[in-house]
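Welcome to this structure, and thanks for taking a look at it with me. Here are some numbered notes to read alongside the view below.

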Amino acid sequence: MNIDWTQLITQAMKTQAEAEQLLAAVVAESSRYRAIADAAIAPLQDAVDIDEATESEVALLKAWKKYRVALSRLPDQPGYPITIDWPAIPV
């Protein structure tokens, strides 16, 4: 009996594949949240740019920008991507 060792899947390979899948899922989720932030920021930034923003719009713009920065810093968190402290979406 000949064994085709090229078909062997090791535990290390399974673990690596699971880690890659987890990272891909986290990146996709982060991208989804980033798109939400971008969509919220655009009209608020427009209002600021044309000097028509209210105080509450300026405050909300700042909150959304802080949220977007927090999303960009997710990979810096200890335990990433297994443990993630997701930032709260501004309201």
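1. A word on terms before we start: helices here are DSSP runs (H or I) of at least four residues, strands are E runs of at least two, and both are numbered from the N terminus. Please also keep in mind that this is a predicted model. Counted in this way, the protein chain has two helices and zero strands. Its radius of gyration is 21 Å, well over the 12 Å that the globule rule gives for 91 residues, so the chain is more spread out than a compact globule.

2. Along the principal axes, the C-alpha atoms fill a box of roughly 80 × 20 × 15 Å. Of the 91 residues, 19% count as buried. Gln-16 has its place in helix 1 and counts as partly exposed, at 44% relative accessibility.

3. How many salt bridges does a search of the whole structure find? The search finds three. Let us start with the one between Glu-29 and Arg-32, where the closest N and O atoms are 3.1 Å apart. Both residues belong to helix 1 and are three residues apart, about one turn of the helix. Glu-29 is partly exposed, with a relative accessibility of 27%, and Arg-32 is likewise partly exposed, at 43%.

4. Further along, Asp-38 makes a salt bridge with Arg-34, with 2.9 Å between the closest N and O atoms. Because these two are four residues apart in helix 1, about one helical turn separates them. Asp-38 has 30% relative accessibility and so counts as partly exposed. Arg-34 counts as partly exposed too, at 37%.

5. Which residue does the side chain of Asp-38 meet in a salt bridge of 2.8 Å, N to O? That partner is Arg-68. The pair links distant parts of the chain, with Asp-38 in helix 1 and Arg-68 in helix 2, 30 residues apart. Arg-68 is partly exposed, its relative accessibility being 23%. Through shared partners, the salt bridges join Arg-34, Asp-38 and Arg-68 into one network.

6. Now for the link between the helices. Helix 1 spans 11-49 and helix 2 spans 55-72, and Asp-51 sits in the loop between them. Is Asp-51 buried or exposed? With 72% relative accessibility, over the 50% cut-off, Asp-51 counts as exposed. Its backbone deserves a glance as well: phi of Asp-51 is near 60 degrees, a positive value in a residue other than glycine.

7. Together with Asp-46, Asp-49 and Glu-52, Asp-51 gathers in a patch of negative charge.

8. Met-1, Ile-3, Trp-5 and Leu-8 form a nonpolar patch on the surface, with about 570 Å² of accessible area together. Trp-5, one of these residues, lies in the segment before helix 1. Its relative accessible area is 60%, so Trp-5 is exposed.

9. Finally, have a look past helix 2. Where is Pro-81 found? Pro-81 is in the segment after helix 2. The peptide bond that leads from Tyr-80 to Pro-81 is cis, with omega near 0 degrees.

Terms used: Residues numbered from 1 in each chain as written. Predicted model: local features only at pLDDT ≥ 70, side-chain atom pairs only at ≥ 80, totals over all residues. Heavy atoms only, no water. Patch = residues over 30% accessible without salt bridge, like charges linked within 9 Å, V, L, I, M, F, W, Y side chains within 5 Å. Areas by Shrake-Rupley, 256 points an atom, 1.4 Å probe, with all protein chains shown as cover. Salt bridge = Lys/Arg side-chain N within 4 Å of Asp/Glu carboxyl O. Lys, Arg positive; Asp, Glu negative; His and termini not counted. Charge placed at Lys NZ, Arg CZ, Asp CG, Glu CD. Buried < 20%, exposed > 50% of the residue type's maximum accessible area, 1.4 Å probe, protein only. Rg over C-alpha atoms; globule rule 2.2 N^0.38 Å.
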